[in-house]
Every structure is written in structure tokens, then in C-alpha cells.
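Q: Could we go through this model together? I would like to take it step by step.

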Amino acid sequence: MGLCWNVLLLLSLHLGILSNGWSASASSSSSRPKVVNVGAIFTLDSTIGRVAKIAIEEAVNDVNSNSSVLNGTKLVVDIRNSNCSGFLGLVEALRFMETDVMAVIGPQSSVVAHTILHVANELQTPFLSFAATDPTLSSLQFPYFLRTTQSDLHQMTAIAELVDHYNWKDVIVIFIDDDYGRNGLSSLDDALSSRRCRVSYKAGVPPGDITRSDIMDILVKVALMESRVIVLHAYPHVGSVVFDVAHYLGMMDEGYVWIATDWLSSVLDSSPPHFSEAITASTQGVLVLRQHTPDSEKKREFLTRWNKLTKGSLGVSTYALYAYDTVWLLAHAIDSFINQGGVISFSNDSSLLNSLQESNLNLEAMSIFDGGPLLMKNILESDFVGLTGPVKFTPEKSLVFPSYEIVNIIGTGLHRVGYWSNYSGLSVMAPEILYSQGPPNRSSANQLLNGVVWPGETTRAPRGWVFPNNGKQLKIGVPRRVSYREFVSQVSGANTSKGFCIDVFTSAVNLLPYAVPYQFVPFGNGVENPSYDELVKLITTGYFDGVVGDIAIVTNRTKVVDFTQPYAASGLVVVAPVKKLNTGAWAFLRPFSRQMWGVSAAFFVFIGIVVWTLEHRTNDEFRGPPKQQLITILWFSLSTLFFAHRETTVSTLGRLVLIIWLFVVLIINSSYTASLTSILTVQQLYSPIKGIETLREGNDPIGFQVGSFAEHYLREGIGIPQSRLVPLGGPEAYAEALQLGPEKGGVAAVVDERPYIELFLASQCKFRIIGQEFTKSGWGFAFPRDSPLAIDLSTAILTLSENGDLQRIHDKWLTMSTCSSDNTELESDRLHLKSFWGLYLLCGIACFIALLIYVFQIFHRFRHAATEDYSPDGGPSGGGSRSKRLQTLLSLIDEKEDLSKRDRKRRKIEKENDLEMDSKRSHSQVCSSENNSFNLRS
């Protein structure tokens with residue numbers, strides 16, 4: 001800060017600003033001042049300055065002629081020229097500080113603002129800029145600065161959303177290399193990064209005098225870049241030269257995308273027609289941003305006045321409208337300031353005077369505006385509708401409702417293709433309409449724009465990138481495989497590669513609508529297969545521009561690179577030795593597991609006991625000597641297996657249990673028959689390993705291919721210790737290790753990707769794939785993140801798949817001679833109890849319920865019998881004891897139920913029914929005879 005004030009002191013010395021004893025203490029009278037003075041600093045002879053001067057003068061006239069504002073106090077605006085110079089701007093600001101100005105309109109330039117706003121901070125004088133759009137002119141650093149136009153922060157966000165809308169990823173920015181250009185570029189870089197886009201090249205233009213030759217040197221470098229999306233953020237005089245040179249170099253042809261910030265729209269809106277035509281001739285197809293101001297009756301009336309005033313020689317840009325509203329903003333704020341009793345008074349800066357006591361420089365004229373804080377407060381609290389729409393500020397001191405129009409230069413005019421606002425994003429409807437339609441929908445489907453005519457007079461959106469025209473070929477990494485060379489291998493004596501993966505890549509490249517210069521660069525020592533993870537990581541370091549080969553698409557790789565559409569299906573499988581199983585004399589036992597046999601046998605006996613229990617009291621077939629009853633139980637149980645039981649069930653409970661049990665037997669019998677048929681008719685192969693679960697639970701060594709991601713998956717994915725993992729070089733090592741087995745230093749199984757295993761099993765018939773794939777993935781080509789080549793190659797791979805070329809390439813390289821067909825298959829798992837426990841549970845529940853009802857009936861009879869055995873005096877008739885009660889209970893269970901009473905009652909009812917029927921028949925016969933006799937007499 002001391003250095004800043006030293007500069008101020010030197011400037012004051014050269015300008016002759018000496019102490020003249022002036023002191024501007026306003027009267028404390030409550031009368032309104034007759035005049036209030038406001039300063040204005042901007043570049044008069046500039047695109048913005050020319051229209052701003054007229055707009056400010058018209059606004060002052062309107063304010064002074066309007067009795068509702070300032071109420072008789074005249075507003076005077078003193079306009080000074082900064083000539084777009086930070087030095088001259090500082091000088092003019094210091095000159096204002098020796099007068100009684102309450103505020104300053106300006107500066108126009110962001111560079112000038114950075115220079116002079118320290119004066120505003122020290123002397124408490126509000127500065128209101130209608131054109132300084134640098135985002136870093138924040139309210140925290142400069143509390144007495146207020147931007148009355150939109151910040152470039154919003155403009156760069158609009159450009160980023162525009163880039164993302166067309167799916168472009170890389171952007172080149174040509175910018176003026178000063179505070180205005182650099183800070184705008186920084187905002188754009190941040191906005192693009194949040195959308196996974198980036199600025200791939202930054203071309204700075206010196207802010208001073210620059211020649212056409214300098215611009216040409218810059219654009220030649222830009223033309224050699226990959227990206228074809230170019231954002232131009234510069235001053236009008238520089239931007240016009242850039243477009244003229246770009247047109248000369250052919251950079252306005254088809255394939256290029258040019259996006260200009262609002263400097264171009266301000267030039268075209270404010271320039272005379274003949275000058276606009278000269279600019280549009282070299283900017284056909286360019287997208288331009290323009291600050292959006294809603295249409296209104298007040299705005300239309302002003303435009304009519306403007307045309308009459310300038311006679312059509314000068315148009316109106318949005319900056320002129322913002323300059324007009326800035327004057328009205330100050331007028332409203334000063335009016336509120338006076339109405340609140342604010343006094344226009346100034347005082348000397350005590351800190352400045354103390355620091356200059358021993359100096360020959362006297363800066364008493366540099367005075368502080370005492371009412372600055374109150375005036376600034378009133379400015380921030382202003383709320384009215386101007387030519388630009390609502391003039392109101394957020395707590396961050398920014399205008400509300402920032403929005404831009406996106407226009408396309410076609411012919412000699414600007415054609416609107418849409419809008420952007422921080423409320424709704426991209427849309428074809430004006431933002432003020434969307435504000436009234438409720439919460440915005442920012443989904444990609446609702447981000448719409450009208451059609452654009454791009455450079456080269458094409459309506460198809462450019463791809464946005466090409467391969468750089470600098471003679472550099474893409475370095476495509478290719479694994480130098482030692483095994484499975486059918487997929488990728490090096491051509492001996494030539495710097496190229498061949499194989500299934502190579503043919504897929506070259507065929508896909510040939511389908512692209514553009515040429516791709518590339519060279520294959522082998523990776524690996526040629527002794528063992530390279531690490532594919534290390535190969536992919538070389539893309540992130542920039543060593544390779546891509547990797548082609550049998551690269552599995554797995555999670556840890558997708559985090560650092562982008563893959564194309566998979567061109568081959570893949571997944572980890574287990575391969576292990578198998579042996580043939582002979583049927584043998586005991587083959588009939590193999591359909592069921594031991595547990596299944598045991599539970600089934602137990603249930604057969606259990607069902608026999610339950611049915612015997614339920615039928616014993618009522619069914620003579622379940623009675624007799626104990627030996628006979630035991631044989632009956634066993635015979636009945638086993639005979640139900642063939643549905644050949646001869647004993648009939650009488651009780652309802654017994655029939656219910658038997659029906660459910662016969663259903664269970666039917667299911668078990670059918671399953672056993674199907675499994676046994678398969679065992680006896682199809683040759684079975686056996687392996688003690690059933691899949692990846694068997695390997696995880698065991699302790700046997702497991703083989704994997706060197707360089708494959710299988711090692712990482714086995715170790716990190718399912719937790720197999722590194723000590724159990726054995727690296728193997730290729731199919732020969734696979735076969736040897738599997739044949740040796742874990743007992744002789746080999747492996748129990750090999751885990752690898754299916755394409756390799758299928759090629760391995762084509763010539764190795766002693767091994768088979770065990771179980772199913774336990775991972776699902778595919779092979780793809782790897783490229784840097786957000787690489788457009790990955791997207792285009794994915795489309796080409798889909799085309800290869802649809803037209804059959806992908807299958808033909810597969811058949812060319814991977815047609816395999818299979819083992820002799822012997823109709824063998826791996827032994828399927830035996831039928832286990834887990835497949836039938838539901839049936840057994842159902843049957844068990846039925847038995848339990850039936851037994852529970854039976855026991856309830858027995859106890860009910862027991863209680864009745866016990867009651868009859870008691871004597872009338874309350875004691876048991878026979879001196880009963882517990883043993884007698886138990887004997888009574890057992891006799892009830894064992895004795896045959898007496899059905900005589902029930903039979904006599906049934907016979908009695910049947911006899912009564914028979915007598916009734918006989919009576920009816922005799923009565924009908926009597927009636928019939930009487931009728932016959934009557935007929936004879938007649």
C-alpha cells in the first residue's frame with residue numbers, strides 16, 4: 001500500500017496538485033443542494049465509449065427533467081477520457097478527488113479499474129462501472145466498486161455450457177494478455193473443468209500495439225493444434241484483426257468453431273451498417289454472446305429516440321443501455337441519500353497527512369467523501385426497472401438475473417439461436433418467460449438451441465477436433481506378447497504388429513471419416529508378457545497416445561483412461577483337470593448325496609410310524625402282535641415309494657398325512673430317475689474343483705497368466721493370499737502345471753480370461769472350464785480421458801459388429817481345431833437336501849399337526865374315562881393311583897375303538913329310512929288301483 005501511495009504522490013507532484021486551502025464542508029442545513037456532481041471516466045473514442053457518452057448524456061437530461069427524482073436538485077456529470085490507459089485513468093481519478101464529486105461512473109476498462117480502485121477504497125468514493133467485466137474485481141477487495149453490468153464469470157459459464165452442449169472437450173482460447181483477458185480465461189478454465197472439458201491451448205495476444213504479422217504467427221500455431229473450437233476473448237481492434245487473418249489462413253472454413261465473447265456483439269450492434277458488413281464478411285458462422293436485456297416499452301421508446309438522435313449512424317449496444325441505467329441508479333441513490341438527511345461533505349485524510357509531514361508534497365486537496373458509506377448502502381439497496389430490466393443487486397453485489405443471448409453471424413446480420421441464464425441454462429425461450437414457469441429443469445434434454453450455420457456454411461455441428469497437422473503420428477502402444485500370439489504379435493523384421501486385435505483396430509480406423517496417422521510402438525521385453533496395468537498407465541504420462549491389444553476393461557483402468565466399445569467379450573474362468581467317471585456297480589447311489597439318502601430314509605420310517613399311530617385304534621390292518629405291527633410299519637413305509645401299499649387308511653388324519661407324503665415321494669422319485677438316467681446314458685467327467693468358491697476355500701496353489709489382471713482380482717477381489725498364486729507364461733506352462741497338480745509342485749487350477757482359455761482348450765482335451773464366468777468384462781482400446789478418438793472408434797467397432805466384419809476377423813485368427821466330440825460333460829452336482837428341504841418341511845408340519853390333533857383327542861377321552869372311574873364320594877372307585885391312570889391312558893391308545901354304538905345308530909337310521917320308503921311305495925300302489933277301478937265304471 002505504501003508503494004501505491006508513493007506513486008500517487010509522484011503523480012500529484014507532476015500535476016501540480018498543491019494545497020490551496022480548500023475545504024469543502026457542506027452546510028448542515030436541511031435544504032437540498034442545488035447541484036450534485038458526479039464524475040465519469042471511460043475511453044471516449046472506443047466502441048463502448050462512443051455509445052456510452054451519448055447514453056449518459058441522455059440519462060442526465062432525463063433525470064433532470066423528471067421531478068420525481070432529486071426533486072429540483074440538478075445532476076451534473078463531468079466526463080473525463082482515460083484513453084484506455086491505466087496511467088491516465090489514475091490521473092483523472094486523482095483530479096476528481098480534488099473536487100466535490102459524490103461518485104464516479106466508470107472506469108470502462110478492467111485494467112484501469114485495477115489501477116484506480118485503490119483510490120476509491122481510501123477516499124470512500126463509489127465507482128460504478130458499466131463495462132468493467134473482469135470477475136476478479138470482487139466486492140471484498142474493492143468495497144466501493146460496483147459493477148452495473150454482467151460479470152465475465154457468467155459469460156464464461158455460458159460458453160462452457162455451450163461447449164458441453166455440443167460435446168466438445170478441448171477448447172483453444174485466444175485472449176488479450178492483461179487483467180481483463182487473463183482473468184476471463186481463468187473463469188472459463190474453471191467452468192470447463194467442472195464439465196470435464198478443458199482449455200487445451202492458450203494463445204495470449206500482447207495488449208499493446210500488435211501487427212498483422214504477430215497475429216498470423218499466433219494463428220499458425222493454433223492451426224497446428226488438435227482442437228478446432230476457438231474462443232476469442234479480446235478487445236474490438238484486436239479481435240477484428242484476428243478474424244481477418246483467420247479468414248485469410250482458411251481457418252473460417254468447415255470444421256472450425258469460433259465463439260466470440262460480447263466484444264463482437266457490441267461492435268456489430270453499435271457500428272454503422274457499412275462497417276458491420278466489413279466485419280461480418282470475415283466472421284461468417286461465428287457464435288457470439290450478447291448480454292440479454294428484456295424487451296419493454298421503455299426500451300423501444302429509447303431506441304426510437306436514439307435513432308433520431310444519431311440519424312442511424314450509430315447503433316445501440318447493451319453497454320449503452322447499462323450506462324444509461326447507471327446514471328439512473330446513481331440518481332435514485334443520491335435522492336435517497338438526501339432524503340435520509342445525508343450531508344455532502346468532505347474531509348482531509350488524516351492518515352495521508354501524517355505520512356506526509358516531512359514531505360514537500362501537499363495533498364490536502366485529496367479529501368474523503370464523508371457520506372460515501374451511506375451512499376454506497378443506498379446504491380446497493382436500489383431496486384427499479386430500467387432499460388436493461390430489473391436493476392437490483394445480490395448480497396455479492398452482482399446484478400440479479402444474469403443472462404446472455406447466443407447469436408449466429410449469418411450473411412450481414414445476427415440471428416439468435418438461443419439464450420443462456422444461470423437460472424435455466426441453455427434455452428430457446430427468453431429467460432424472463434422461464435422465470436415465471438416455476439423451478440427450472442436443467443436436464444440435458446431441456447438444454448435446447450436452434451440450428452446454427454457453422455463456418456463453411458454447414459448446418460452440421462463440427463466434430464470440434466482433428467489430428468494436429470504438425471507431422472506427428474500417434475504413438476500407439478502394443479503389448480509384446482510371448483504367448484497367445486494369435487491376439488497380438490510383432491512382425492519379424494518390420495516395425496509393425498499383427499493379430500486379431502490389430503486387425504480389429506485397423507479395420508475400425510479405416511471406417512473413420514478422417515485419416516489417423518499412427519505408429520505401433522511395442523511394449524515389453526519379449527521374454528515374458530508385459531504388465532498391462534503399466535502399459536495403460538503410460539497413457540496418463542503422455543508417453544503413449546493410446547494402447548491397442550487384448551486390454552481388459554476393468555475398474556482400476558477406467559479410472560485413468562477411456563476405453564472404446566468392447567470388441568471382444570471376456571471374463572475370468574477356472575480351468576482344471578478332469579477325469580472320466582465309470583458307471584460301476586454302485587452308480588444307482590450317485591444321484592443323491594449322503595445327507596439326502598439319510599434324511600429320505602429317516603422320513604420313510606417316520607411317516608410309517610405316524611400313519612400307524614393315527615390308524616392303530618381304528619384300522620384292523622394296523623393291529624395285531626407287536627412283531628406284526630413292526631413289519632407293517634416298515635412294509636407300509638417302503639411300499640409308498642412305489643405307490644404299492646395295500647393297507648388302506650381309515651382315519652381322516654391318516655389320509656391327510658398320506659396324501660402329502662405321496663406327493664413328496666412323487667417329486668423325489670422323478671428327480672432320482674432323471675439324475676440316474678443322465679448318469680447312465682451320458683459319459684461324466686469329474687473334478688474335485690467346482691468353481692472359484694472351491695479355490696477360495698481351499699489351500700491349493702492357483703495359476704494365472706503373467707501380465708493379466710487375474711492376479712490383481714484374485715488377490716484384492718476375493719482375498720486369495722499371494723503365496724498361493726503361481727505366475728505362468730502361456731499354454732505350455734498351463735498344461736504342465738495342471739498335469740503335475742498341487743502335490744507335485746503344480747497348480748490345482750488356472751484362472752484366466754475366457755478368450756485365452758478357449759484357445760488353450762482347443763488343443764488340451766484333458767482340462768475343462770469349471771463353473772461359470774465369475775467376472776464380466778470385455779476387451780477395448782485405451783485412450784486418454786475424454787479423447788474424442790475413443791468415441792469415434794466405438795462407433796466404428798459397432799459398425800464392424802453389425803456388418804459381420806468383426807466375426808470374419810475372429811474366424812481368421814481364432815478358428816480352433818476342437819477336441820474329438822465324445823459327448824462328455826462335467827459331472828453336475830448331486831441332488832442335495834437343500835433342493836428338497838421345503839418338501840420335507842411341508843410334510844413334517846402336516847405330521848406334527850395330525851399328531852397334535854390325535855393327542856388332543858386321546859387326552860379328551862382320557863379325561864372322560866378318568867371321570868367315570870371316580871366313586872360318588874369323590875374318591876377313586878378302586879383307590880386309583882398314578883400307575884392306574886397311566887395304565888388307563890395306554891389302554892386308550894392301544895385298544896380298538898368301539899364302533900358298535902355308532903354302527904347300531906347308523907343301522908337304525910337306515911332301517912327307518914327303508915320303512916319310510918316302503919310306506920311311500922304302498923301308498924302309491926293303492927292310489928293307482930283306485931284310479932283304474934274308477935275308469936272301468938265310467
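Q: In which sense does α3 pass α4?
A: Helix α3 passes helix α4 in a right-handed crossing (left-handed if the near helix is turned anticlockwise from the far one by less than a right angle, right-handed if clockwise). The model is a predicted one, in which local features need pLDDT of at least 70, side-chain atom pairs count only at pLDDT 80 or more, and totals for chains, interfaces and linings use all residues. Residues are numbered from 1 along each chain as its sequence is written, and side-chain values use heavy atoms, with hydrogens and water left out.

Q: At what angle do α3 and α4 pack, and how far apart are their axes?
A: Helix α3 covers residues 86-96 and helix α4 residues 110-123 (helices are DSSP runs of H or I with at least four residues, strands are runs of E with at least two, both numbered from the N terminus). They pack at an angle of about 25°, and their axes are 8 Å apart (axes are lines fitted to C-alpha atoms, for helices over the stretch in contact, and angles run from 0 to 180 degrees between N-to-C directions). That makes α3 roughly parallel to α4 (under 35 degrees is roughly parallel, over 145 roughly antiparallel, 65 to 115 roughly perpendicular, the rest oblique).

Q: Which residues of α3 meet α4?
A: In α3 they are G86, G89, L90, A93 and L94, which meet V112, T115, I116 and V119 of α4 (contact means heavy atoms within 4.5 Å). By class, this contact of α3 with α4 has six nonpolar, three polar and no charged residues (Ala, Val, Leu, Ile, Met, Phe, Trp, Tyr, Cys and Pro count as nonpolar, Asp, Glu, Lys and Arg as charged, and the others, Gly among them, as polar).

Q: New topic: what is the order of the five strands in the open sheet?
A: The order is β2-β1-β3-β4-β5, with parallel pairing (two strands pair if DSSP finds at least two bridges between them). The edge strands are β2 (74-81) and β5 (145-147), each of which pairs on one side only. From one strand to the next, the twist averages 25°.

Q: How many bridges pair β1 with β2?
A: Strand β1, residues 35-42, pairs with β2 over eight bridges in the parallel sense. Within this pair, V36 stands opposite L75 in β2. Helix α3 packs on the sheet and touches β1, β2, β3 (101-105) and β4 (127-129), its direction making about 170° with that of β1.

Q: Which strands does α12 lie across?
A: Helix α12 lies across β1, β2, β3, β4 and β5, and runs at about 160° to β3.

Q: At roughly what angle do the axes of α2 and α12 cross?
A: The axes of α2 (residues 47-64) and α12 (residues 318-339) cross at roughly 35° and come within 8 Å. Here α2 passes α12 in a right-handed crossing. The residues of this contact of α2 with α12 divide into 15 nonpolar, no polar and two charged. Among those of α2 are D62 and V63, while those of α12 include W328 and A331.

Q: Which side chain meets that of D62 in a salt bridge?
A: The side chain of R305 does, at 3.1 Å from N to O (a salt bridge is a side-chain nitrogen of Lys or Arg within 4 Å of a carboxyl oxygen of Asp or Glu). R305 lies in helix α11 (residues 297-310) and D62 in α2, so the pair ties together parts that are 243 residues apart in sequence. The structure holds 32 salt bridges.

Q: What is the order of the eight strands in the other open sheet?
A: The order is β7-β6-β8-β9-β10-β15-β16-β17, and the pairing is mixed. β7 (198-205) and β17 (425-427) stand at the edges with a single partner strand each, so one side of each is left without a neighbour in the sheet.

Q: Do β15 and β16 run parallel or antiparallel?
A: Strands β15 (residues 403-410) and β16 (residues 413-421) run antiparallel and are joined by eight bridges. N408 stands opposite H415 in β16.

Q: Last one: which strands does α6 lie across?
A: Helix α6 (residues 179-193) lies across β6 (170-176), β7 and β8 (229-233), and runs at about 165° to β6.
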